[in-house]
Amino acid sequence: MITGNGIVKTFKQRGNMLGAREVRALRGVDFSIPKGGAASFIGESGCGKTTLGRIIAGLETYDDGEIVIDGVPMSSLTLKRRQPHFRKIQMIHQDPYSALNPTRTVHQTLRAPLALRAKQTGRSKAWMDERAAEVLSLVGLDPATVLARYPHQLSGGMRQRVVIARALTVDPEMLVADEAVSMIDVSLRLGILALLKDLRERLGVSVLFITHDVATARYIGDDGDLYVIYRGQVVERGPVDTVIADPVHPYTQSLLSAIPVLHGLELPGEQPVVPLEALNAGQDDVGCLFAPRCPFRGERCDTERPLLQLTEGVPQEHACFHPERRSVIARPMSEV
Ligand SMILES: Nc1ncnc2c1ncn2[C@@H]1O[C@H](COP(=O)(O)OP(=O)(O)OP(=O)(O)O)[C@@H](O)[C@H]1O
Ligand code: SF4
Ligand SMILES: [Mg+2]
């Protein structure tokens, strides 16, 4: 079980003549991903998904809050002692092209982490070769065909499978898949998604899926929670199906209307959400973060920040002063 309590992360970006600019990437995020379970983070570009994924995988520091892995708070450990815990969490990046060293064959790519494990556990070279073949088979690749190949000799889908195989060499408990299919040819995406789903079932590995696309979140983590993130804050969360069927936060509703979801969904009404580009910076400190774009904004929304609270009648939470079931209606696939 991996939980996060109140995770805060601010980046300092080089600014203009006035000096560095602070970007509040995460503003107190809570999450919980059970062993063998699934969770999905969705939200538009820049909302903090990758930052949160990297923090969960131990690849990024955080300014406040706590990550607890299998009951152990990471802040109670030295950096060195955290490593074995974070090793249980492996990240699959968006771009399988840059994730693999072009000068290494698949065999060499898998040998590096396996050699480390063999050394730690006193295992033999034969074990390393067996394990390399095993992880390739697990991801649906034929070891005899791919072991001697270089990345440029593989398709994008095969490369991503090799990346997943490399992650499996350390027997992870969780895979963090960050837009893991977005740079892969559309025809090969479903195969990778099916593989992640299959690994969940066969190995009991949990999967955290980071995506812009609700449909893929639903496919992978149909029994897990969906976290809708807006500018570093979770604004709605709950079981994927209930959040998709019954969103009460205007941002979730706008996301569902903007993305062709499953069979396409759209938000009826005459007051469209203001596009992100139309926003002025600096409206961060008071009120609801979504207020400048929200068609349903009331007075309280400008002066107070809504916190996550239970949504009536469904097992989900929202951060909105005017939660309402504004019917998000299905659009036929032919119109998407
Ligand atoms: N290393 C960094 N240094 C400075 N700012 C950063 C850094 N990493 C992320 N940010 C900023 O933090 C915010 C959140 O970025 P993040 O990459 O987590 O978003 P995201 O939701 O993954 O976006 P996308 O969907 O485009 O991948 C953005 O404003 C981004 O510019
Ligand atoms: S709190 Fe107000 S501004 Fe924010 S999403 Fe809800 S209705 Fe809109
Ligand atoms: Mg990202």
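Glu304 lies in the loop between strand S11 (265–266) and strand S12 (309–310); helices (H or I, at least four residues) and strands (E, at least two) are DSSP runs, numbered from the N terminus. This is a predicted model, in which local features need pLDDT of at least 70, side-chain atom pairs count only at pLDDT 80 or more, and totals for chains, interfaces and linings use all residues. Residues are numbered from 1 along each chain as its sequence is written, while chains are lettered from A and ligands numbered from 1 in the order in which they are written.

**Overall composition**

- The protein has 11 helices and 14 strands.
- Of its 336 residues, 40% count as buried; a residue is buried if 20 or more other C-beta atoms lie within 10 Å of its own, exposed if 12 or fewer, and partly exposed in between, with C-beta atoms placed from the backbone.
- Among contacts with a separation of 6 or more, 65% are between residues 24 or more positions apart; two residues are in contact if their C-beta atoms, placed from the backbone, lie within 7 Å.

- Glu304 counts as exposed because it has 12 C-beta neighbours inside 10 Å.
- The C-alpha atoms of Glu304 and Cys288 are 6.4 Å apart, and the two residues are 16 apart in sequence.
- Cys288 is also one of the residues that come nearest to ligand 2, together with Ala291, Cys294, Cys301 and Cys320, out of 13 residues around that ligand; a residue is near a molecule or strand if its C-beta atom, placed from the backbone, lies within 6 Å of it.
- The shell around ligand 2 consists of 10 nonpolar, 2 polar and 1 charged residues; Ala, Val, Leu, Ile, Met, Phe, Trp, Tyr, Cys and Pro count as nonpolar, Asp, Glu, Lys and Arg as charged, and the others, Gly among them, as polar.

- H1 is largely enclosed by the rest of the structure, because 7 of its 8 residues are buried.
- Those buried residues are Lys49, Thr50, Thr51, Leu52, Gly53, Ile55 and Ile56.
- Gly53, which lies in H1, counts as buried because it has 23 C-beta neighbours inside 10 Å.
- Leaving aside residues up to four places away in sequence, Gly53 touches Met91, Val176, Asp178, Leu208 and Ile210.
- The C-alpha atoms of Gly53 and Leu175 are separated by 10.0 Å, although the two residues are 122 apart along the chain.

**Helix packing**

- Helix H4 (residues 106–121) and helix H5 (residues 125–138) pack at an angle of about 125°, with their axes 9 Å apart; axes are lines fitted to C-alpha atoms, for helices over the stretch in contact, and angles run from 0 to 180 degrees between N-to-C directions.
- This angle makes H4 oblique to H5; angles under 35 degrees count as roughly parallel, over 145 as roughly antiparallel, 65 to 115 as roughly perpendicular and the rest as oblique.
- His107, Leu110, Arg111, Leu114, Ala115 and Ala118 of H4 meet Trp127, Met128, Arg131, Ala132 and Val135 of H5.
- The contact of H4 with H5 has 8 nonpolar, 1 polar and 2 charged residues.
- The axes of helix H7 (residues 156–168) and helix H8 (residues 186–203) come within 9 Å and cross at roughly 15°, which makes H7 roughly parallel to H8.
- Gly156, Gly157, Gln160, Arg161 and Ile164 of H7 make this contact with Leu188, Gly191, Ile192 and Leu195 of H8.
- The contact of H7 with H8 has 4 nonpolar, 4 polar and 1 charged residues.

- Most residues other than glycine have a negative phi.
- Asp70 has a positive phi of about 45° although it is not a glycine; Asp70 is found in the loop between strand S4 (64–69) and strand S5 (72–73).
- Asp70 is exposed, with 11 other C-beta atoms within 10 Å.
- Glu179, also not a glycine, has a positive phi of about 50° and is placed in the loop between strand S7 (174–178) and H8.
- Glu179 counts as buried, with 20 C-beta neighbours inside 10 Å.
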